[in-house]
Amino acid sequence: MPSAPRRLAADPRRAIRARRWRALGLTAILLLLLAGVAALLLAPAGPGTVRVLGVALAWWVGGLVAYLVGLGLLLVGLPPSPAE
Amino acid sequence: MTAIALTALWLSPALIFAIGPALLTQGTPGLWLPLVAFAGFLLAGAWLADPWGRLRGRTAGDLLHHRFGWRAGRLLGGVALAVTLLFLWAQFAALREAGHWTGWPLTVAAVGAGALLALDLRPGLRRVAGAGGAVVLIAGLLLPLAAVLIATDPLWPRVWDRVASQARFAFSPTSPWVVEGRAIHGVEPILALAIGEEQRVRFGGQGRVVVRLWEGGEVAQDVDSSLELAVRPGDRLLVPNGLVLRFEPGRAIPDAPATGPDWAAPETPLGAAGRRLGGLAVTLLLGGLGLPPLLALLAAGPGLAVRAVRRGALLLALLLLALQLWALYAAWLEPEVYLGGIDGLEPLTLPALASVGEGWGELLALLAFAGIGGGFLAAGLAALEAVRLSWMRDLRGGEASARWAVALALGLSLLLARQAPWGGWRVLELALGLAAATLAPALLLGLWRERLTAGGAVAGVGIGLAVFVALALAGLLAGREESLAVLTRWPALVAAPANMLAAWLFSMAPRPSRRSPPPRAFLELHAEGLSSPPTSSTM
C-alpha cells in the first residue's frame with residue numbers, strides 16, 4: 001500500500017477526500033454514541049431504586065465505552081501526517 | 001506541554017464550576033455536560049489538528065489569507081476578539097464565584113487580573129506560568145480526589161448506588177452544621193434556602209434574615225447568636241452569604257433533593273430535557289472548533305498538534321471523570337453542599353471533611369483550590385495570547401498597541417464580571433456559542449472544502465453572527481419565554497447551520513475539473529512540502 005505522501009502525490013483530491021471521510025466517520029460514530037446516551041438519559045424512569053440504578057450504571061458503562069471508543073477512534077482514525 | 005496546555009484551556013475554571021453543580025442538581029442528566037465537553041474536544045482534534053498544525057496559522061484570518069491571499073481581517077479578527085473577550089469574562093466570573101469563599105470576591109478577581117497582566121508582560125515568564133498553572137490544575141483535581149477515594153470507598157459505582165438509593169438527604173447528628181454551625185456559602189450575596197421540613201435554625205453571628213412564608217408575605221428579622229428561628233415546609237429563608245447557621249439533626253437539608261431517586265432521576269418534561277441536551281451538544285461540539293485560544297495552541301506544527309490532541313484527550317477524559325467523582329462523593333459525604341445553592345468550588349472542600357489523615361485534609365483542599373487558581377492562569381494567559389494574535393495579525397495592530405489591547409481586554413472582562421450578574425458557565429456558553437455560530441463553520445469549510453471562496457466564508461460568518469446576535473438579544477428582551485428559550489439560550493442551534501448554508505451558497509464556484517490539480521494553497525493544508533502538485537489525476 002502506498003504511503004500517505006505517495007497517495008497524495010498520485011491523486012491529491014482522492015486522498016484528501018479519504019481523510020475527510022475518516023473525520024466524518026469519526027464524527028458520525030461519536031454522534032451515534034451521544035444519541036444513544038441521550039436516549040438513555042431521557043428514558044422515563046419508573047418507580048423504585050432499581051430503575052434509577054439501571055440508568056445510572058448504564059451511563060457509567062455507556063459513558064466509559066463512549067470515552068474509550070472516542071479515544072480509540074482518535075488514535076487510529078486521524079490520518080498520519082505525511083511529514084511523519 | 002501543548003497537550004497539558006490544551007487540556008487546561010478546554011477545562012477552564014468556568015467549565016469546571018459547571019460540571020459539579022450539574023451532576024449535583026440534575027442527577028443523571030447532569031452527566032451529559034462532561035460527555036459533550038469531551039466529544040467537543042475530540043471533534044476539534046479530528047477536524048482541525050492535522051491541517052491546522054500544517055498551516056502553522058494562529059488565527060482564522062490566517063487560514064483565509066493562506067487560501068485566498070486576502071485578509072478578511074476586520075470581520076474575523078473582530079469576531080475572534082469578541083469570542084475571546086467572552087471567554088476571559090467567563091473565567092473572571094468563575095474567579096469571582098470562587099472569591100466568595102474569602103468574603104472579597106471582587107478583590108480576588110482584581111488580584112487575578114493583576115497577576116495575568118504582570119505575567120503577560122514577560123514573554124518568558126508567560127510560557128512558564130501557563131504551563132505551571134496547567135500542571136497545578138491537574139494535580140489539584142487528581143491528588144486530593146485520589147486521597148478521598150482511598151480514605152473512603154474507591155468503587156464509585158457503589159457510591160452512586162448509595163446516593164441514588166438514599167431515603168432522605170438529612171443533617172446527621174455529627175454534621176458540623178449541627179454540632180458547631182458553619183458559614184453558608186453560595187453564588188449570590190443573598191442566599192435563598194428552600195425549606196423542605198419544619199425545623200429550627202440557629203445563627204452564629206449577626207445579620208438580617210428574611211423569611212418568605214409559604215402562604216405569602218415575608219418577615220424580616222435581625223438575628224444574633226442567641227436567636228432561634230422556626231421555619232416551615234415551603235418557606236424560603238433568605239440569609240446573607242457567609243452567615244454562620246446551625247440546624248437540627250435529622251431534618252431535611254434545605255435545597256437538597258428529597259430522596260436519592262429524586263436526585264438521580266428528577267422529573268423534567270421530556271421536551272425541555274431533550275432541548276437542553278441538544279442545545280448543549282451543538283454549542284460544545286462546534287464551540288471548540290472556533291475557539292481562538294485553542295486555535296492558537298493547536299498551531300504547533302505538523303504532527304505535533306495531532307500528538308498533543310491525542311495526549312490531551314486522554315488527560316481530559318481522566319479529569320472530566322474526576323470532576324464528576326468530586327461531585328458524586330460530595331453528595332455522599334457532604335450532602336450539606338446543597339445549602340444555599342451549589343457554587344463550583346464547594347465540592348472541592350471535600351478533603352477537609354473526609355477523614356484523609358490528620359492535618360492532610362485542609363492541605364489537600366488547599367491544593368484543589370490552588371488548582372483552580374492554576375487553571376485560571378493557564379486559561380487566562382492563553383486567552384490574552386489570542387487577543388494579541390487577533391489584534392496583530394487580523395486587525396493589523398502594532399506590537400505596542402497590542403499591549404494596550406491586552407490591558408483593555410483584561411479591564412473590560414473584569415468590569416463585566418463585576419457588573420453582570422451572570423455566572424462563569426453562562427458566559428462561557430455564550431463564548432462557545434458565538435464561536436460555533438461564526439468561526440467554526442468558516443474553519444471547517446476553509447480547511448476541508450476546495451470550492452469554498454473567500455466571499456462565501458465571509459458571508460457565512462456575517463450571517464452566523466447576525467443570527468446569533470439577533471437570537472441572543474431576543475433572549476434578553478423576551479426574558480424566559482418558553483417557546484423561544486431553546487433558541488435564545490443556545491443560538492448556535494440555528495446560527496451555525498445558517499452560517500454553513502450561506503458559505504455553501506455563496507461559494508458556487510464551478511466544479512473543478514478532475515484533470516486540474518487542486519489549488520496549491522488548499523493542497524498544502526493536507527500535505528506539507530507539496531510544492532508542485534501533479535498535473536494529472538487518476539480519477
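Reader: What stands opposite V210(B) in β7(B)?

Author: L238(B) does. This is a predicted model. V210(B) also has a bridge partner in β5(B), namely A220(B).

Reader: What makes β4(B) and β7(B) a pair?

Author: Two strands pair if there are at least two bridges between them. β4(B), residues 207-212, and β7(B), residues 236-240, have 3 bridges. Therefore they count as a pair. The sense is antiparallel.

Reader: How do you know that β4(B) and β5(B) pair?

Author: By the rule of at least two bridges. Here there are 6 bridges, so the two strands pair. They run in the antiparallel sense. R212(B), for instance, stands opposite E218(B) in β5(B).

Reader: What lies between β4(B) and β5(B) in the hairpin?

Author: 5 residues lie between the two strands. G216(B) is in the turn, and its phi is positive, about 110 degrees.

Reader: Why are β2 and β5 of chain B called edge strands?

Author: Look at the order of the open sheet: β2-β7-β4-β5 in chain B. β2 (190-194) and β5 (218-223) each pair on one side only, which means they are the edges. The sheet has 4 strands, with antiparallel pairing. From one strand to the next, the twist averages 20 degrees.

Reader: What holds paired strands together in general?

Author: Backbone hydrogen bonds, in either a parallel or an antiparallel arrangement.

Reader: Where are the domains of chain B?

Author: Domain 1 covers 2-155 + 262-422, and domain 2 covers 176-255. Their centres, taken over C-alpha atoms, are 34 Å apart.

Reader: How do you know that domain 1 of chain B is in contact with domain 2 of chain B?

Author: Two residues are in contact if their C-beta atoms lie within 7 Å. 12 residues of domain 1 are in contact with 12 residues of domain 2, so the domains do touch. On the domain 1 side, the touching residues divide into 4 nonpolar, 4 polar and 4 charged.

Conventions: Residues numbered from 1 in each chain as written. Chains lettered and ligands numbered in written order. Predicted model: local features only at pLDDT ≥ 70, side-chain atom pairs only at ≥ 80, totals over all residues. Domains from an automatic or database assignment. Nonpolar A, V, L, I, M, F, W, Y, C, P; charged D, E, K, R; others polar. Axes fitted to C-alpha atoms, helices over the stretch in contact; angles between N-to-C directions.
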